[in-house]
Amino acid sequence: MSGVEERAVDFPENKAEYRVAVLGAGTMGNGIAHVFAQFGFPVCLMDISEDRLEGALATISRNLDRQIRKGIVSAEEKEEILRRIALTTSLEEAVRDVRLVVEAVPESVSLKEEVFRKVDKYAPGEAILATNTSSISITRLASVTGRPEKVVGMHFMNPVPVMRLVEIIRGYATSDETAQTVYKLALALGKTPVEVRDYPGFVSNRILMPMINEAIYTLWQGVAGVEEIDTVMRLGMNHPMGPLGLADFIGLDVCLAILEVLYEGFRQERYAPCPLLVNMVRAGKLGVKSGEGFYVYDDRGKPVGVSPVFAK
Ligand code: NAD
């Protein structure tokens, strides 16, 4: 398998019978449910919070409206897509009768292990258990189940309906069949899958997070301001977003959790999270989702200026 871009494939033959459960209806879960439903799969979206489920459906509806404006889906297709999405707060109900589970709960080893134990208990024996983790070991999550050969990483990028990459991560025991199935499923969603091995941060976050962390150190050490750092990387390196704006978008808590996995996994100082990032997470400044990080955001998540903490 290569990292070359490939065209969407029709897999599996009868998508309407290929039921998918998505666990966690946050930033990533709503996007993952959106794309599976958009490409014909019946989806059960599960969260412990009813508010999150309702919020996720509203987000999916808004994102579908944007796709209608861009001519990607029609108004009739929007209704069909929404009809394919069921909501529940019961994990047992969500994973019953599914072929694939995609877990997208917060980036915590203990929480994900607990969720994987439950999913293993209630999902059909032949179901594939995929995780959208940004950095946690697939091998570790697989080890709490009785089916490590069916556990795999399926790492979507944010925002899921727009971003084309899916990083497919093989754990130590992941079977060829499992890896190939999720590879084909990613193609069926119009994405470009790239297969990588199970080491901390995989490829995407092993490279991205040290860059974001370095940008935060650069700010912390007073080398330049928030907008200056982001402008250097946008205009100088042609990045679509600056690293600090991107960190806000990903969620500063998510960035910190990933850096901690890299730091623990490699035991190297260069992955140590910047103390400023740690403080911001402790203060509840998580970026777009909390309304403030390096920038301040309005109710619709649009940046309205640099945070007063960093304003000159
Ligand atoms: P989030 O905080 O936006 O959403 C997590 C959701 O999980 C919340 O709605 C929460 O209520 C729910 N939840 C908590 N415990 C649960 C449980 N036991 N069962 C079901 N739902 C539960 O987080 P996110 O940003 O969507 O991240 C989810 C996963 O995706 C993480 O592993 C993260 O590392 C990964 N990821 C995030 C991004 C990103 O840009 N945010 C990108 C790629 C991968």
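Which helices and which strand each supply at least two residues of the shell around the ligand? Select helix 1 (27–38), helix 5 (109–122) and strand 6 (151–156), and you have them. Keep helix 5 highlighted for a moment: with three residues, helix 5 gives the largest share of that shell. Bear in mind as you click around that this is a predicted model.

Next, colour by domain. Domain 1 (4–197) and domain 2 (205–304) both give residues to the shell, so the ligand lies between them.

Now show the side chains around the ligand. There are 25 residues around it, and the ones that come nearest are Met 28, Asp 47, Glu 107, Lys 112 and Ser 134. Colour the shell by residue type and you'll get twelve nonpolar, eight polar and five charged residues.

Time to look at some oxygen atoms of the ligand:

- Pick Arg 52: a polar atom of its side chain sits 3.2 Å from a ligand oxygen.
- Pick Val 105: here a polar backbone atom is 3.4 Å from an oxygen of the ligand.
- Pick Asn 132: a polar side-chain atom lies 3.0 Å from a ligand oxygen.

On its own the ligand would expose 840 Å², and the protein buries 90% of that.

For the last stop, select strand 7 (residues 165–170) and strand 8 (residues 192–197). They run parallel, joined by six bridges. Zoom in on Glu 167 and you'll find Val 194 of strand 8 opposite.

Key. Residues numbered from 1 in each chain as written. Predicted model: local features only at pLDDT ≥ 70, side-chain atom pairs only at ≥ 80, totals over all residues. Heavy atoms only, no water. Pairing = 2+ DSSP bridges. Helix = DSSP H or I, 4+ residues; strand = E, 2+ residues; numbered from the N terminus. Near = heavy atom within 4 Å. Polar contact = N/O pair within 3.5 Å; in protein donor to acceptor, adjacent residues only side chain to side chain. Areas by Shrake-Rupley, 256 points an atom, 1.4 Å probe, with all protein chains shown as cover. Nonpolar A, V, L, I, M, F, W, Y, C, P; charged D, E, K, R; others polar. Domains from an automatic or database assignment.
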